[in-house]
2 protein chains.
Amino acid sequence: MTTRIFGDIPGVVEGDEFQDRQHLHDVGIHPPLQAGISGTANEGADSIVLSGGYEDDSDLGDVIVYTGHGGRDPATERQVRHQTLTRGNMALARSQVLGLPVRVSRGHQHPSLLSPTSGYRYGGLYRVEDHWYETGRSGLGIYRFRLVKLTADLFGPATREDSESLGPAARKLVTVQRLVRDTAVARQVKEIHAFACQMCGERLTSPAGAYAEAAHIRPLGAPHHGPDILTNVLCLCPNHHVLFDLGAVSIQDDFSLIGMDGILRRHRRHLVDLVHIQYHRERYTCGQIVPFFQAESR
Amino acid sequence: MTTRIFGDIPGVVEGDEFQDRQHLHDVGIHPPLQAGISGTANEGADSIVLSGGYEDDSDLGDVIVYTGHGGRDPATERQVRHQTLTRGNMALARSQVLGLPVRVSRGHQHPSLLSPTSGYRYGGLYRVEDHWYETGRSGLGIYRFRLVKLTADLFGPATREDSESLGPAARKLVTVQRLVRDTAVARQVKEIHAFACQMCGERLTSPAGAYAEAAHIRPLGAPHHGPDILTNVLCLCPNHHVLFDLGAVSIQDDFSLIGMDGILRRHRRHLVDLVHIQYHRERYTCGQIVPFFQAESR
C-alpha cells in the first residue's frame, strides 16, 4: 500500500466475505498478510482482524474489547512477557487520539455470531474509544482497546451531523462532540470547586457562565464499572480531562500529580477515593507503575 | 416549585397530553404559567413550551431551532428591540454550558406534526447544543438555540453508555463524549500546526502522541452550513475549542484575539477565511459587535 486509507474501501460494504487474508489484502481492507493490526505508531491503525488468537478478546458486536499484540512466544503462542505500547498497540492508541476510524474484520475462528462460517467477513468501521493496561488471564500485562461501532445514521438525517467523507466512498459519519453528562454528582463536583480545574486551577468562563467537566476516575461502563458517585469524579478543565483519560496525567496516593507539577486541589466537601485513583494509575499511566519497556513481537 | 427538576418527571412519559398550561404546571412538566422558558440564569433552563408565537422557530422533531424571548411590544406582540442574553435566554445558554436536559412540550398552535390537536403534548428531553445571535425576519436581533433530542437507546444496550439517572424516574441517558471527527481536513490542520493551539500555543502530549482538535469556524450542518475545508477550521486545544464554540473567544479581522490577549497563530500553508471569522464573531461573540444590552421583556 502506498497510501494508508482510513475508513471505507470503495466497492466493499459491511458483511462482504473474503476467502482468506490474501483476499482481504487484495481489496485493501486489511493490507498486512499476517499481523492482526494494520497501521503504524505514526499514522495510527486503519484496520484490525479478529481471528480468535487472543483469549482476552471480548466481542459484543457493537462494542469490542480487543487485546493488543506482543509478549508471546512464537513457538508455543503462549504469553511469556508483558505487552508494551509499541507497534500495532501504539497504532491503535494513536487512532484513539486522532479520532481515526478502524475497519474491523472477523475470521471464522473468532467466536462471534458475526463471524463467517469460513474465511473472513468485513464488519464495518469502529472508533477506538479507550485503551488501558491490565493483567490478563496469563498473569502477564496486556493492553486492551475498547472499540465502538460507528453508525452512519445514529441520529437520523435531520440532526446536526458534522458529517464528513472518509475516503473515496464518501460515507457519512455522525459524531457527537463533547456532550457533557449531567448528573447531580457532576453538578455537585463543579459547584464544590467553583468550576476550577483540580489539576491546573484554570476556570473557563463564557458569556453563559463558567464551564468545567466532571471526569470519572474509574470509568463508567463495562469492563471498568466505576461508580457514578462523588468520590469517583474530579472537576477538570477540558485539557486536563483529555490528558487524564489518555493517561498523560494521573495522581499519586499523596495526591501529587504524575505527568505534571503540582498536587491535586482538594476540598473538604469532596473526598476522593484512593482505590479509584489506584485503578486509574495502574491501567492508564504509562511507564509509571508497570513495566512497559520490554521488547516483544506478536 | 421548591426544587427545580431537570430531566423526566415521575409518572409522565413522552406523548402525554395536557389540556392547558395549568395542567402542565400541576404535573411539574413546565412550572411557569405564562413564560415559554422555565428556568433561571443561575440554575439553567429545565423546560420550554413551543406555542407558535415565534415565526423564527423551526421544528424538525429531533432538532429544534428555538427563538429566544424578549424584544417584543406587549401590546402588538411585534419585535421592537434586539433580544439580549438575559432571563430565559441566559437560562437556555446555561443549560448548554452545564449539559442539562430540557423538557420540550408543544402546544396545538405550534405548527408541527408532533403538536396535539388541542392543549399541550410533552415531547421528551432535549439538550441545548448551540446558541447564537442573528438578525431575525423582523430585522432585529434574536437569539437562537439548537436543541437536539436525547434518545435513550442511541447505541442500543450493548454500548458504553455513561448512563445515569436524571431525577426520580432514573431514565437512562446515552451520551458520547468528545468523539473527535477525523477528516483529511482535520488531520491536515493539526499537522500544519504540529498539534499546537492556534490561540494559546499549548500542545497536549500523551503516551500515544500529541492531541489537538480541529474546530470549525462557521459550524457545519443546518442552519449554518459551514464548509468542511481548511480555510474554515482552526487547530485548537480542547479548552480553547470550548471557549470558541461558546463565543467566549473570537477573532478580529487583523487576527488579534477577542476575549484573550494575543493574536491567532497562523501558518503560510493554512489560510483562514475572514468571511467565516466574521460569521463566528457576529453570531457567537457576545457584547463585541452587536448591541446586547437593552432592557426587554417577553
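**A look through the two-chain model**

Glu77(A) sits in the loop between E5 and H2 of chain A, where helices (H or I, at least four residues) and strands (E, at least two) are DSSP runs numbered from the N terminus. This is a predicted model, so local features need pLDDT of at least 70 and side-chain atom pairs count only at pLDDT 80 or more, while totals for chains, interfaces and linings use all residues. Residues are numbered from 1 along each chain as its sequence is written, chains are lettered from A and ligands numbered from 1 in the order in which they are written, and side-chain values use heavy atoms, with hydrogens and water left out.

Back to Glu77(A): although not a glycine, Glu77(A) has a positive phi of about 65°. Its relative accessible area is 52%, so Glu77(A) is exposed (buried means under 20% relative accessible area, exposed over 50%, partly exposed in between, with a 1.4 Å probe and protein chains only). Arg81(A) belongs to the loop between strand E5 (63-67) and helix H2 (87-98) of chain A and comes out as partly exposed at 31% relative accessibility. Along the chain, Arg81(A) and Ile142(A) are 61 residues apart, yet their C-alpha atoms are separated by 9.2 Å. Tyr133(A) is part of strand E7 (residues 120-135) of chain A and is buried, with a relative accessible area of 4%.

Stepping back to the whole of chain A, there are 5 helices and 16 strands. Of the 298 residues in chain A, 59% are buried. Contacts (heavy atoms within 4.5 Å) can be sorted by how far apart the partners are in sequence: for chain A, 58% of those between residues at least 6 apart join residues at least 24 apart. The accessible surface of chain A is about 11700 Å², and carbon and sulfur atoms account for 50% of that; accessible areas come from the Shrake-Rupley method with a 1.4 Å probe, and for residues only the protein chains shown count as cover.

An unreviewed UniProt entry puts the feature "domain: YDG" at residues 7-149 of chain A; UniProt positions follow the numbering used here, feature names are shortened, and annotations may be inferred rather than shown by experiment. Over residues 7-149 of chain A, the chain is 13% helix and 36% strand, and its end C-alpha atoms are 12 Å apart.

Next, helix H4 (residues 238-245) of chain A. H4 of chain A is mostly covered, with 7 of its 8 residues buried. Those buried in H4(A) are Pro238(A), Asn239(A), His240(A), His241(A), Val242(A), Leu243(A) and Phe244(A). Just after H4(A) comes Gly247(A), with a positive phi of about 75°.

Two packed helices are described by the angle between their axes and the distance between the axes. The axes of H4(A) and helix H4 (residues 238-245) of chain B come within 6 Å and cross at roughly 140°; axes here are lines fitted to C-alpha atoms, for helices over the stretch in contact, and angles run from 0 to 180 degrees between N-to-C directions. That makes H4(A) oblique to H4(B), given that angles under 35 degrees count as roughly parallel, over 145 as roughly antiparallel, 65 to 115 as roughly perpendicular and the rest as oblique. On the residue level, Pro238(A), Asn239(A) and Val242(A) in H4(A) meet Pro238(B), Asn239(B) and Val242(B) in H4(B).

Over in chain B, Asp59(B) is in strand E4 (residues 58-59) and is buried, at a relative accessible area of 17%. Leaving out residues up to four places away in sequence, Asp59(B) touches Leu50(B), Ile64(B), Arg106(B), His110(B) and Ser112(B). Asp59(B) and Leu113(B), 54 residues apart in sequence, are 9.4 Å apart C-alpha to C-alpha. Arg87(B), in helix H2 (residues 87-98) of chain B, has a positive phi near 50° despite being a residue other than glycine. Arg87(B) is partly exposed at 42% relative accessibility.

As for cysteines, a search of the whole structure finds 0 disulfides over all chains (a disulfide is a pair of cysteine sulfur atoms within 2.5 Å). Cys200(B) is in no disulfide, and the nearest cysteine sulfur, that of Cys197(B), is 3.7 Å away. Cys200(B) is partly exposed, at 28% relative accessibility. Cys235(B), in turn, is buried at 0% relative accessibility, and its closest cysteine sulfur, in Cys197(B), is 7.1 Å off, too far for a bond.
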